[in-house]
Structures are given as structure tokens and as C-alpha cells.
Amino acid sequence: MSNADIALMAHLMRRAGFGASRDELEQRVARGYENVVEDLVNPGTPNAMPDDVIRRYHVDMAEMRELNSAGAYWIYRMVTTDNPLEEKMALFWHSLFATGYSKLNQARALMNQIDTFRRHSMGSFHTMLVELSRDPAMIIWLDNNDNHKDDINENYGRELLELFSMGIGNYTEDDVKECARAFTGWTLGNAEYMATRASRDSIWPYSRIAWHFQYRDHDHDDGEKTFLGHTGNFNGEDIINIIVQQEATARFVSTRLFQFFAADEVDAAGEAVIEQMMATYFASNYEIRSVLRTLFNSDYFKSEAARFARVKGPVELVVGAVRLAGTYQEPTFGADQLARYTLYMGQGIFQPPSVEGWHEGSEWIDSGALVERVNFVGKELGDPSNPGVKALIDRMSAGVERPLSAEEQVDACADLLGPMQLSSATRTSLSEFAGEQGEADLRAGTRTEADDQRIANLLRLLTATREYQLA
Amino acid sequence: MTTAVAAGPVEYLKTIGLTTNQSGRGFTNPYDCAFAPDGRILILNRCDTVRASLVRIGMMNWEEDYLGEFSRGYGRGDGQWILPVAIALDDQGVVYVTDEQQHRVTALDTDGNFVRQWGEKGNAAGQMNGPAGLAMNAEGVLYVVEQGNNRVQRFTTSGESLGTWGETGDGPGQFNMPWGVGLDPAGNVYVADWRNDRIQKFTADGQFIAAYGASGDGDGQLSRPSGVCVDSDGYMYVSDWGNERVQILDPDGGFVQSLRGQATLSKWAQDFMSVNPDERNTREMSNLVPELPPHLDTPYLISSQTEPYFWGPVSVRLDSEDRLFVVESNRHRIQVYQRRKG
């Protein structure tokens with residue numbers, strides 16, 4: 001098993017997952033890169049933390065009334081799932097179809113939306129758009145409950161075209177109106193009562209009532225419509241049939257997936273990969289799984305140039321650190337703080353800044369967010385009593401025959417945290433720190449808590465490096 | 001035990017309670033209730049993380065008059081609670097509360113004065129791990145169910161351990177994260193063996209008698225039962241938490257009736273609606289028991305959408321008139337039922 005194979009697998013797992021321990025990387029390398037891609041795009045049983053034990057311990061996650069409790073509930077799943085790409089894709093769709101709590105006052109409806117995103121995460125984009133259009137949180141978020149047969153509201157119709165499928169410049173204002181007409185009557189059950197409660201943030205008399213889709217035939221405009229050159233008595237599904245056939249849609253979806261999984265910026269080589277993804281999109285009948293397979297198996301994605309070319313988003317940073325530290329494996333007091341940390345770093349789950357979602361890439365990093373990022377990850381990985389940290393030090397200590405020098409400590413930590421390629425300046429600074437701490441004697445029989453703490457201190461410092469903050 | 005009384009159906013009486021985000025009238029994630037001889041109903045409010053400081057016991061009567069509240073507050077100080085689970089009341093007016101986070105039992109009087117507390121995390125006698133259900137028998141013996149130690153521990157009211165029984169497993173007398181506990185008039189002990197999906201019955205000193213229920217959602221089957229109480233004829237009332245329902249079993253464990261919930265507006269809820277016409281008017285035109293799409297097909301999700309149904313039934317208790325109180329944590333209310341005899 002070569003170091004190059006480990007480094008490539010680590011790259012795939014940072015992008016298609018939330019990172020992986022060295023033990024997991026070795027298991028996956030043994031299985032083969034393309035087989036691992038297939039495992040990721042065809043998720044099995046998640047084996048995530050059981051829902052019943054979460055709801056018994058966390059009364060707030062049972063009621064699902066509070067924003068941060070809902071966010072933490074999802075983070076539990078991201079931390080403990082065996083299907084990291086499934087959760088990563090749910091996060092991708094949440095970023096793309098950004099729906100916010102502030103207007104809904106309904107965390108349960110938002111979690112149900114995430115469940116829908118997960119259920120259809122890698123299936124047909126056509127199905128995804130139909131389900132999105134039927135999603136009650138989206139309906140309230142973009143006012144489709146106010147889109148009536150005799151009084152249309154264009155908000156959802158416009159964003160469906162502009163932000164969710166094709167992008168501006170690929171349709172006319174008339175197309176927007178006709179799209180909105182087709183989605184009249186797509187609302188939620190008890191829409192008037194639910195909208196009143198949402199606008200008043202009412203929890204009375206007996207807490208929130210979750211939402212479900214309802215189609216009101218009597219409020220649907222069944223008249224003739226002309227949309228993107230097609231004419232007929234279109235309903236919403238007919239509109240989506242036309243949307244998914246557009247080249248602009250293929251380009252939009254492929255580009256967004258590329259930017260989320262491959263590189264923040266698209267260069268000429270990246271453009272070629274996007275063209276391949278678009279071809280797969282049509283050949284597979286709009287199947288996201290196939291588009292992802294094309295991306296992950298592309299030479300571009302596997303190249304050295306693609307590595308560490310993305311800034312880790314706050315959620316993936318937090319989840320990655322917790323997974324590596326081995327914490328939060330069971331219901332944990334104060335777990336809702338996890339959601340708050342991602343907010344402090346700029347990505348509050350269910351709190352996108354607008355319907356356009358988050359501005360990603362280098363915009364994740366400002367001085368305040370960076371301090372939060374470094375502090376959180378440092379706390380998780382700087383504690384040698386955390387099971388994942390202990391396992392990492394155990395692995396480092398296997399077979400050592402003499403105390404590790406400062407440089408050896410730095411190299412071992414960088415290897416097991418990545419493997420990470422440190423700049424010479426960073427390596428020198430870390431070595432100086434390690435030197436001041438002294439040797440770490442990890443030999444069986446002489447290894448002490450102080451030795452473990454020295455390694456953990458170094459891990460803590462490594463998480464502050466530029467290299468660790470990139471995926 | 002024979003069934004001297006024919007199994008009569010249970011009928012709905014009324015709903016009490018109202019969601020509140022502040023102290024005073026209303027419930028905040030109610031978790032258990034108890035009944036004082038003077039007619040006061042005591043409701044333990046566990047509260048969620050955002051409203052943790054409101055942890056308290058509220059008091060009301062059957063007529064739904066609000067009678068005040070008490071606690072020592074949220075925290076680790078004397079008499080304070082973090083994650084309270086269950087309460088029991090002795091004949092001296094002292095209230096005992098389990099706290100699963102602090103692994104202890106706290107005793108206060110109903111004026112909120114600190115009486116005593118005991119316990120710390122561990123598995124030795126007198127120590128506890130995740131104390132959950134709590135019940136007191138006629139002799140003043142407290143039964144504490146420990147979810148973390150998979151055992152039942154008996155205490156005197158002064159906190160002296162009288163012994164334990166149970167271990168981890170799914171055999172007779174073994175437990176998997178047990179939760180609630182109830183006693184019958186003869187002093188037998190019934191434990192909601194939560195993750196084994198069954199009720200176990202023991203003698204007062206822990207000898208195994210029988211187990212009832214199996215995993216599932218059919219009649220007489222259970223999914224994560226949270227609580228159990230037993231009436232004067234030996235009928236068992238089980239809060240079937242995972243199925244979001246209440247199962248009623250005869251003294252031999254035979255299925256009698258299943259309740260899904262049928263809450264109506266409490267007196268306090270009616271007061272709210274009377275001064276909020278926007279919500280009242282749109283509510284009146286709504287169907288609160290809607291047809292749901294197929295992906296929302298679990299009991300939990302159905303209950304989240306269907307306001308009259310039980311949602312998070314965490315405890316069942318019988319008052320001295322055999323009225324059944326079903327405490328719903330997620331709906332901040334109690335639905336009350338009564339068995340018709342004869």
C-alpha cells in the first residue's frame with residue numbers, strides 16, 4: 001500500500017466525506033479507488049446514532065422546535081453515519097436550495113426537508129425538483145402558498161429557474177410567469193393556519209404542528225401555458241420535465257457539484273470535466289449518482305493539483321474534527337453547541353444568509369471565523385483522552401524503539417492528520433514548538449500521559465495551519 | 001392473577017396544560033406527574049436546553065386552576081436539577097425527583113425547600129447511573145430505575161440503599177436501558193424495559209414474575225415503552241413511546257385497548273384561543289387529523305403532524321380515582337382518560 005494511494009484516498013474522503021482515520025483509509029485503499037467511489041454513491045445502511053436514544057436523552061431533539069437542536073441532530077448523523085457522501089450531498093442540496101428558519105419558525109419542517117434531500121440525494125434530478133416543489137418548508141420560504149389561480153406569486157417560479165436549475169439568462173420574464181402559473185395550487189395542508197402560526201412564531205396551544213404537502217386542484221390554473229418554447233396545459237411536473245432537458249440545467253448542476261466537491265474555482269481543465277459531467281447527466285437520464293461518479297473518477301479530481309484546493313466549509317470542518325476525535329458517539333450533554341459553533345464560523349445550519357445560500361470558498365475565512373475554527377478543532381484534537389486522539393497516538397506509538405525527535409513528531413502528526421504536505425516554514429515552526437516541549441517517548445512501558453499530551457498539543461497546533469483548513 | 005372485572009374500554013375525559021416559554025401557568029416539556037392528597041396535581045417540567053432555567057414543578061387542580069410552582073433552579077447545587085425524569089410524593093408532602101444527568105435523587109417539600117439529596121455516578125450500592133423512573137410503595141420504599149446500570153435500586157426515603165436487582169441483557173430480570181416504573185396495589189413492581197420493548201413484573205423485592213409485550217406495532221406489542229402504571233384490578237397502562245400510543249393490557253398481559261390520543265383544547269388553551277382570533281379562525285377551518293403523504297409514515301412523524309395524537313408520551317400515572325394521566329413531553333400537555341368498570 002503506497003503513500004500515494006493513501007494520499008489519494010484521503011483526498012477522496014475529505015471531499016466525498018468528512019475525512020477518515022488512517023485505519024479507515026487503509027481499509028478503503030485495500031478495496032480499490034473505483035470500488036470505494038461505488039460504495040460512496042450507493043450508500044447502504046447508515047448505522048448512525050439511533051434515533052430513539054437521541055430523542056430519549058435530548059428532549060429538544062424529540063420535539064424539534066429549536067433551531068440549534070435540529071442542527072445538532074443532523075450533525076449527530078453526519079458524525080456517526082457510515083454513508084458520509086449521503087450526508088455531504090444533503091448538505092450540498094441544503095446549500096443549493098437554501099431554506100432558512102427565520103421565516104418558517106419550523107425546525108421540524110426543515111429536518112423533513114433534509115430527509116427529502118437525503119432520500120433523493122443521488123437519484124434523478126427530475127425527482128429532486130418535483131420533491132423540492134412539494135416541500136412545505138420551501139413552499140412557505142418562497143411564498144408558493146400565496147401563489148393562487150387568480151393571483152399568482154412568482155417567487156418560487158423565479159427562483160426555481162434562476163437559483164435551483166438553470167441560472168439567469170436562460171429564460172424570459174414570460175417563462176417565469178408561466179412557470180408560476182403551473183405551480184398554482186401547490187401548497188401545504190391547512191395552509192392558512194400554518195402560515196398564520198409561522199408568521200406569529202406561535203407555539204400555542206400544543207407546540208408546533210409539522211407540515212405536509214397538499215395539492216388544491218380548485219386553486220390550480222389549468223389553462224394553456226407557453227414555457228421555454230413548449231405549449232400545453234402544463235402543471236408543475238410538466239414544467240420540471242422541460243427544465244431538466246435544458247443544457248443550461250445540465251451545466252448549472254454539474255458546475256455546482258464541481259465547485260462543491262472539486263475546486264472552488266473552475267479553470268480550463270475543470271471546464272473539461274464539467275463537460276463530461278453534463279454528458280453523463282443526459283446519458284443517465286439526469287441521475288446525480290452518475291454525474292458524481294464521472295467527477296470522482298476523473299483524472300482532474302484525482303490529480304495532485306486538485307488536492308487542498310478547497311477551503312473546508314464550517315460544517316465539514318466541525319464534523320471532520322469530531323469524527324477524527326471520536327467524540328459525540330452517543331447522546332452528549334450540550335451537543336446543541338455543535339450547531340452554534342458552525343454558526344459562529346459562518347455556516348449556521350438552516351440559517352443561510354439568503355435564498356442564494358452561503359458564499360463559499362475563501363469567503364469562509366475571516367479573522368473571527370478563523371479563530372473559531374482553530375479553537376474548535378484544537379479543543380477536539382488537543383485532548384488525548386478523546387478516543388480518536390488516543391487511537392491516533394496509539395498508532396503513532398506502534399513499534400517505536402526510541403523517543404521521537406521534534407521533527408519526527410511533526411512528520412508523524414502531519415502524516416496521520418492528512419497526510420498533509422507542510423510548507424518548510426510551517427514544519428520549522430512546528431518543530432521549534434515540539435523541541436521546546438521535548439522528546440515524546442511513546443515506547444510501551446515508558447509512555448506517559450505527558451507524552452500523549454505533547455503529541456496532542458502538536459495536533460492542536462497543526463489544526464491552525466493553512467494546510468489543515470483546506471480540504 | 002385472575003380477571004375479576006371484565007375489561008371495559010377506556011374513555012377520554014379531557015386535556016390539561018398549555019405550552020409555555022416562561023414560568024407560571026403552562027407546561028414546558030412535562031415529564032411526569034404526581035397527585036397530592038389535597039387534590040393538587042404536580043407536574044414535573046424537564047424543559048429543553050433553551051429553557052433549561054425554567055425547570056420546575058408546577059401545581060394545578062382538576063378544575064385546571066393554576067396553583068403555583070417550585071424548584072431550586074437549574075444547576076448542580078443542593079436540590080437543583082439538570083435533566084429531571086420522574087417524581088414521587090410521600091405522605092409527608094416531600095417530593096422526590098430523579099436527575100439522570102446528576103445521577104441522584106433530590107427531595108424537596110412543596111414549598112420548594114431543600115430536604116435532602118443522595119447519589120453519585122457509579123454502580124455500587126447507593127450510587128446510580130442515569131436514574132430514570134421512580135415510584136414509592138405504601139411502606140415508603142422508593143424504587144429507582146437506573147438506565148445506565150440496567151437495574152432497579154430500592155431506597156429508604158432518607159437515601160439508604162436497600163439493595164438492587166437486574167443486569168444488562170434481554171432475559172428474565174435483565175434490562176436494556178429501562179425507563180419507567182409502576183406499582184400495583186399488592187406492591188408488585190412493573191418496569192418499562194425500554195429497549196427490550198417489554199414490561200417486566202417483579203415482586204416487591206425483585207423476584208421475576210412475568211414479562212409482557214414483544215417488539216412491534218401490533219396489538220399488545222410495544223416499541224420503547226417509557227412508563228407503566230397498574231390499576232386496582234391489575235390492568236396495565238403502558239405509554240408505548242415508540243409507537244406514540246398507550247397500550248392497555250389485562251392482568252395476564254392480554255391486549256385490551258390501544259389509545260392513539262384525542263386531545264382537545266384545555267381550559268388554558270381555550271383561554272389562549274379566545275384572545276388570538278387570527279389563530280382561532282384559521283384553526284377552525286383546518287383538519288388537524290390530515291391524510292399524510294407516504295414518506296411521513298412513522299408514528300413519530302404522524303404525531304408531529306397530528307395535534308390530537310400523543311406525541312412523546314413519557315409517563316402514565318393513575319390518580320386515586322383511577323383516572324389515567326398521559327404526559328406528553330413534545331405537546332406540553334396531559335391527556336386524561338378513565339376506565340369504565342363493569
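How many helices and strands are there in chain A? Chain A of this predicted model has 27 helices and 4 strands.

**Overall form of chain A**

The radius of gyration of chain A is 24 Å, close to the 23 Å that the globule rule gives for 471 residues, so chain A is as compact as a globular protein of that length. Along the principal axes, its C-alpha atoms fill a box of roughly 80 × 55 × 40 Å. Buried residues make up 52% of the 471 residues of chain A. Of the contacts in chain A between residues at least 6 apart in sequence, 75% join residues at least 24 apart.

**Domains of chain A**

Chain A is divided into domain 1 (1–381) and domain 2 (387–469). The centres of these two domains, taken over C-alpha atoms, are separated by 36 Å. Where they touch, 17 residues of domain 1 are in contact with 14 residues of domain 2. On the domain 1 side, helix H1 (3–16), helix H20 (314–325) and helix H22 (367–381) of chain A are the elements that give two or more residues. H22(A) gives the most to that side, with 5 residues.

**Nonpolar cores**

The largest nonpolar core holds 144 residues, and the members that touch the most others are A:Ile75, A:Leu110, A:Leu295, A:Val318 and A:Cys413. Helix H6 (residues 67–80) of chain A gives the most to this core, with 9 residues. Both domain 1 (1–381) and domain 2 (387–469) of chain A give residues to this core, so the core lies between them. Apart from it lies another core, of 76 residues, including B:Leu44, B:Ile87, B:Trp311 and B:Val316.

Within chain A, and leaving aside neighbours within four places in sequence, A:Leu295 is in contact with A:Leu257, A:Phe258, A:Phe261, A:Ala262, A:Val273, A:Met277 and A:Phe301.

**Contact between chains A and B**

The contact takes 26 residues from chain A and 34 residues from chain B. On the chain B side, helix H1 (267–274), helix H2 (277–284) and helix H3 (299–305) of chain B each supply at least two residues. H2(B) provides the largest share of that side, 4 residues.

How values were computed. Residues numbered from 1 in each chain as written. Chains lettered and ligands numbered in written order. Predicted model: local features only at pLDDT ≥ 70, side-chain atom pairs only at ≥ 80, totals over all residues. Core = buried A, V, L, I, M, F, W, Y, C linked by C-beta atoms within 7 Å. Buried ≥ 20, exposed ≤ 12 C-beta atoms within 10 Å, placed from the backbone. Domains from an automatic or database assignment. Contact = placed C-beta atoms within 7 Å. Rg over C-alpha atoms; globule rule 2.2 N^0.38 Å.
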